[in-house]
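Here is a colleague's note for someone opening this structure for the first time. Keep the view at hand and take the points in order.

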Amino acid sequence: MQEPELHDLSDDADYAASLQQGSASTMITRSDSGRSTSSSVPEGAEIVYSKDNVTIHPSQYASERISGRLKLIKQGSSLFMTWIPLKGQSTNARLSERDRNLYTIRAVSFTDVRSIRRRTPTFGWQYIIVVLSSGLAFPQLYFYNGGVKEFLATIKQHIFIVRSLEDANVFLVNDFQNPLQKTLSSLELPVYIASGPSASVSDGGESSSYELQERIGGSIHDEIHRPSQNPGRQKHKSHDPARDLTIHKGKVLAQTPPDVPHKPSMDAEIVLEPVPSDPLEHSYVGNMIMNIFPDVVQRETQQHISRYKLTEPPLGSEEWATFLDSEGRVMDAKAFKTRIFYGGVEHTIRREVWPFLLGYHAYDSTYAEREYLKSTKKSAYETVRQQWQSISTEQAKRFTKFRERKGLIDKDVVRTDRALPFYDGDDNPNVNILRDILLTYSFYNFDLGYCQGMSDLLSPILFVMEDESESFWCFVALMERLGPNFNRDQNGMHSQLFALSKLVELLDSPLHNYFKQNDCLNYFFCFRWVLIQFKREFEYKKTMRLWEVLWTHYLSEHLHLYVCVAILKRYRNKIIGEHMDFDTLLKFTNELSGHIDLDAILRDAEALCICAGENGAARIPPGTPPSLPIESENALLYAQDDEVL
């Protein structure tokens with residue numbers, strides 16, 4: 001297997017310039033001999049980098065921070081890193097000396113470091129995450145006064161550090177001999193060496209147990225380690241030293257796994273941020289790794305790719321208010337979307353939150369601007385609605401397309417979610433509103449008109465918004481992305497099913513080969529899943545939860561395709577074992593409705609998306625829904641022929 005290519009840091013112009021200019025941010029006093037002097041540095045050691053005001057945030061609140069001094073110390077051929085909190089620099093009086101000592105990073109040898117991740121948020125300060133060979137990570141180090149480039153450039157002068165091809169912001173420390181470890185490190189999926197074979201067996205019969213340990217990306221709130229809130233979900237009960245942390249004298253100490261050689265450092269006591277004790281198991285991640293790295297997985301049966309994930313409660317009204325400034329703007333859209341990705345939204349505030357996720361409201365809009373928009377959009381909606389309401393019976397006789405569309409809508413709305421109390425009963429006004437919105441949309445976007453399945457997409461929006469005009473404009477925003485699903489030429493659906501086939505080929509080659517041998521590569525058995533975003537596969541409440549996750553576009557705009565892959569992988573043994581042909585597959589996937597574990601599928605889809613990385617993204621053609629369509633300057637958004645829909 002060809003090993004992933006790695007780029008040296010010298011390909012970065014910023015770093016090259018930094019090396020030539022010298023480390024402007026380092027504050028080192030040198031003697032005539034050229035060696036740095038410091039009363040705190042052991043004899044024979046040299047401070048090669050020092051930076052004040054490098055800060056740790058002990059909680060998700062930026063106001064609670066501890067400032068310290070970050071140093072790189074060279075002793076002989078070894079390089080060490082320290083971070084010591086500065087006295088009196090805490091911004092919160094509640095943070096005690098014990099709290100500050102808890103986060104102290106005493107001299108850590110870079111022989112114990114696997115990678116360094118650099119993050120540059122759109123708003124805020126650059127920070128780094130140092131990941132150790134054990135898979136544990138120090139808390140984020142925020143550079144309030146800059147200095148990240150100089151920090152990395154200084155490291156490069158003394159040890160071997162290379163940039164990962166897969167992620168330009170990940171820098172791999174030391175050379176890894178194992179291709180699997182090298183690739184996973186670039187994906188920031190820390191590897192734990194377990195003390196024995198895995199005890200977990202997946203539902204599908206696969207015996208390799210893998211987990212994901214680190215969430216890629218995210219905000220301060222996402223990456224602060226917190227105690228687990230759901231210990232009952234832990235499957236791996238045997239003692240695993242790689243996950244064992246001991247709290248001793250106010251410090252968190254990492255316990256070295258017995259089968260990992262101990263690497264000496266200047267101080268054997270490594271202070272780490274606490275890691276939750278119950279990372280969630282991902283039963284099918286082992287299969288996914290087996291398919292991506294088939295030639296090395298046989299040697300890696302005792303390795304666990306572990307990832308902690310907190311089971312977060314849905315976003316509630318009080319927490320939602322913390323995301324808004326005094327005028328109603330969402331201050332950190334990325335953190336907001338990430339929070340929803342991992343917790344969902346309480347139903348009581350969906351009416352406020354969904355317009356942001358759908359793109360109807362801008363994240364930087366104020367309360368006043370949204371109220372004004374609501375007023376103007378209501379007038380615009382009523383204008384379009386009046387167009388079809390003013391059509392007389394005599395006019396309708398000579399308006400074939402209107403009659404046909406109205407007939408389709410009338411038939412569909414009376415069988416859309418009628419089991420739900422909101423739409424139940426004869427002469428239900430909500431059913432009439434559903435019809436009116438769909439008819440109005442068919443005039444608003446006359447080229448696209450109405451197609452079966454649109455009522456499925458509108459129904460939850462009306463249920464949440466409970467306002468005709470607001471529901472219409474949220475639906476318009478959704479159809480900007482999903483409209484190509486309903487094109488007469490089905491180009492939107494074909495592009496998604498094509499991308500799905502490529503993802504299955506990447507993430508589960510045995511299943512892809514089975515589909516190829518049985519003429520199932522058109523993936524039409526997944527057509528309904530993609531067309532209406534799994535609307536008929538889950539109960540109503542779970543559908544809304546899933547849609548919220550998809551609308552965040554966290555990790556990928558095309559997470560729904562990874563959800564498809566996750567479902568297929570979960571039932572792969574059954575599909576292949578029962579020799580399903582296309583007709584049987586179509587029947588089987590339709591009968592899965594109501595029997596899919598949403599939480600498990602979302603975990604698997606997240607794992608698949610992270611493992612696929614850029615390789616997965618490259619297999620999805622540009623403009624594939626729900627990406628906004630790529631259109632020529634004069635082209636209509638949804639070109640249709642003149643036939644009646």
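1. Start with a helix pair. Helix 12 (residues 400–413) and helix 13 (residues 429–444) pack at an angle of about 150°. Their axes are 10 Å apart. An angle over 145 degrees counts as roughly antiparallel, so helix 12 is roughly antiparallel to helix 13. The crossing of helix 12 past helix 13 is right-handed. Bear in mind that this is a predicted model.

2. Which residues make this contact? Helix 12 brings Phe402, Arg405, Lys406, Ile409, Asp410 and Val413. Helix 13 meets them with Val431, Leu434, Arg435, Leu438, Leu439, Ser442 and Phe443. An α-helix has 3.6 residues a turn, so residues three or four places apart point the same way.

3. Look next at the loop between helix 12 and helix 13, where aspartate 427 lies. Its phi is near 50°, a positive value in a residue other than glycine. Most residues other than glycine have a negative phi. Is aspartate 427 buried or exposed? Aspartate 427 is exposed, with a relative accessible area of 74%; the cut-off for exposed is over 50%.

4. Tyrosine 523 has phi near 55°, and it is a residue other than glycine. Tyrosine 523 sits in the loop between helix 17 (509–517) and helix 18 (527–531). Here the setting is a buried one: the relative accessible area of tyrosine 523 is 0%. Aspartate 427, by contrast, is exposed.

5. Helix 17 also takes part in a packing. Helix 16 (residues 491–507) and helix 17 pack at an angle of about 130°, with axes 5 Å apart. That angle makes helix 16 oblique to helix 17. Ser501, Val504, Glu505 and Leu507 of helix 16 make the contact with Ser509, Leu511 and His512 of helix 17.

6. Now check helix 20 (residues 559–570). How far apart should its ends be? At 1.5 Å a residue, its 12 residues should span 16 Å. The end C-alpha atoms are 16 Å apart, which agrees. Helix 20 is mostly covered, with 12 of its 12 residues buried. Among them are Leu559, Tyr562, Val563, Ile567 and Leu568. The buried residues also include His560, Lys569 and Arg570.

7. Threonine 104 deserves a look. It lies in the loop between helix 2 (97–102) and strand 5 (105–109). Threonine 104 is buried, with a relative accessible area of 2%; buried means under 20%. Threonine 104 and isoleucine 56 are 48 residues apart in sequence. In space, C-alpha to C-alpha, the two are 9.8 Å apart.

8. Proline 625 and proline 626 are joined by a cis peptide bond, with omega about 10°. Most peptide bonds are trans. Proline 626 is in the segment after helix 23 (598–618).

9. Finally, the whole chain. It holds 23 helices and 14 strands. Of its 645 residues, 55% count as buried. Among contacts between residues at least 6 apart in sequence, 72% join residues at least 24 apart. The chain exposes about 28,000 Å². Carbon and sulfur atoms supply 49% of that area.

Technical notes: Residues are numbered from 1 along each chain as its sequence is written. This is a predicted model: local features need pLDDT of at least 70, side-chain atom pairs count only at pLDDT 80 or more; totals for chains, interfaces and linings use all residues. Side-chain values use heavy atoms; hydrogens and water are left out. Helices (H or I, at least four residues) and strands (E, at least two) are DSSP runs, numbered from the N terminus. Buried means under 20% relative accessible area, exposed over 50%, partly exposed in between (1.4 Å probe, protein chains only). Contact means heavy atoms within 4.5 Å. Accessible areas come from the Shrake-Rupley method with a 1.4 Å probe; for residues, only the protein chains shown count as cover. The expected span of a helix is 1.5 Å times one less than its number of residues. Axes are lines fitted to C-alpha atoms, for helices over the stretch in contact, and angles run from 0 to 180 degrees between N-to-C directions. Angles under 35 degrees count as roughly parallel, over 145 as roughly antiparallel, 65 to 115 as roughly perpendicular and the rest as oblique. A crossing is left-handed if the near helix is turned anticlockwise from the far one by less than a right angle, and right-handed if clockwise.
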